[in-house]
Amino acid sequence: EELLGALPDLTVQAVEDFIPRLLSSIHVECLVYGNCTDSLALGLYTRVVDKLKADCKAKSLLPSQLIKEREVELRDLSSLYVTTNGVHKSSCIENYYQCGLQNTKQNMLLELFSQIINESCYNQLRTKEQLGYIVFSGVRRSNGAQGLRVIVQSDRNPEYLDQRIELFIHTLGETLASMDETEFRQHVEALATKRLEKPKKLSVRNGRYWSEILSQHFNFDRDEIEVACLRSLTKDDITSFYSQHIASTESRKKLSCHVLSMCEGGAGHPDTPPVVNGAVDSPPTGESAASSLVNGLPEEE
């Protein structure tokens with residue numbers, strides 16, 4: 001609506017005046033791949049840059065303007081963000097367990113852990129508990145930081161969903177303990193096969209290259225390097241990773257984002273029947289609610 005409201009003020013002259021301002025100070029990064037030589041690629045880049053300088057009087061950005069984006073480091077044991085949704089009946093939760101900065105070993109520990117729990121997470125929260133149509137677990141990476149995330153879209157209250165996710169997280173310790181070496185190696189090789197799969201389209205390869213450029217990691221042999229590290233991991237490595245970053249311990253850093261539906265039939269609407277609000281396993285209130293969000297699990301009797 002805000003963008004549509006600005007349209008009447010746009011004119012051809014306004015657009016023409018904006019173009020030179022847009023191109024006056026720029027930073028050009030160029031990726032050329034496929035059937036092309038080094039000299040041809042460099043020639044293409046030079047032609048583009050020279051054209052911008054000649055026709056647009058473009059200048060390079062200053063080094064101080066090329067600042068790499070940063071990510072917020074979670075310092076508290078648990079953080080909670082709540083917003084409301086007045087349009088859709090469904091509510092949603094995303095639990096994010098921050099696992100530190102990206103590096104070869106941490107990348108593989110996180111991806112392997114995600115590989116191990118992926119099927120059981122969907123089976124427990126979606127198939128058995130039927131919490132919602134959308135249940136997802138996977139890796140979240142942004143600006144050099146990374147972590148595990150679990151997303152559930154549901155008619156249930158996000159506080160209730162948080163309890164169910166944390167109960168599933170709690171059971172993973174037993175799952176890892178009971179996993180034999182054969183099953184563990186199967187997960188390792190399944191992930192290795194996935195990572196080493198050759199791109200079927202140039203666009204896929206392009207996406208991988210640009211990802212390295214945009215992140216400023218420039219690790220163009222990432223798959224081969226990380227798979228070599230992956231195959232050296234042990235079950236003890238994964239168990240330690242789980243205990244430090246995912247399990248409800250003092251070292252874990254968790255961000256829980258709740259979107260609570262306030263529309264008719266939504267979990268936050270005052271007239272919503274208790275069963276939709278999760279009253280069968282009603283979420284805790286007051287001090288017990290805060291304890292649940294921080295510790296992940298209700299206190300055992």
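## Exercises on salt bridges and a loop residue

Arg140 is partly exposed, with a relative accessible area of 26%, a value computed, like those below, from a predicted model.

**Exercise 1.** Determine which residue forms a salt bridge with Arg140, and which parts of the chain the pair ties together.

*Solution.* The partner of Arg140 is Glu71, and the closest N and O atoms of the two are 3.2 Å apart.

**Exercise 2.** Classify Glu111 and Arg141 as buried, partly exposed or exposed, and describe how their side chains meet.

*Solution.* Since buried means under 20% relative accessible area, Glu111, at 14%, is buried, while Arg141, at 35%, is partly exposed. Their side chains meet in a salt bridge with an N to O distance of 3.0 Å. Glu111 lies in helix H4 (residues 104-128) and Arg141 in strand S5, so this pair ties together parts 30 residues apart in sequence. Both residues also belong to a network of salt bridges whose members include Arg195, Arg208 and Glu212.

**Exercise 3.** Locate Asn143 and list its contacts beyond its neighbours within four places in sequence.

*Solution.* Asn143 sits in the loop between strand S5 (134-142) and strand S6 (145-154), and is partly exposed at 33% relative accessibility. Leaving aside those sequence neighbours, Asn143 is in contact with Glu69, Arg70 and Glu71.

Methods:
Residues numbered from 1 in each chain as written. Predicted model: local features only at pLDDT ≥ 70, side-chain atom pairs only at ≥ 80, totals over all residues. Heavy atoms only, no water. Helix = DSSP H or I, 4+ residues; strand = E, 2+ residues; numbered from the N terminus. Buried < 20%, exposed > 50% of the residue type's maximum accessible area, 1.4 Å probe, protein only. Contact = heavy atoms within 4.5 Å. Salt bridge = Lys/Arg side-chain N within 4 Å of Asp/Glu carboxyl O.
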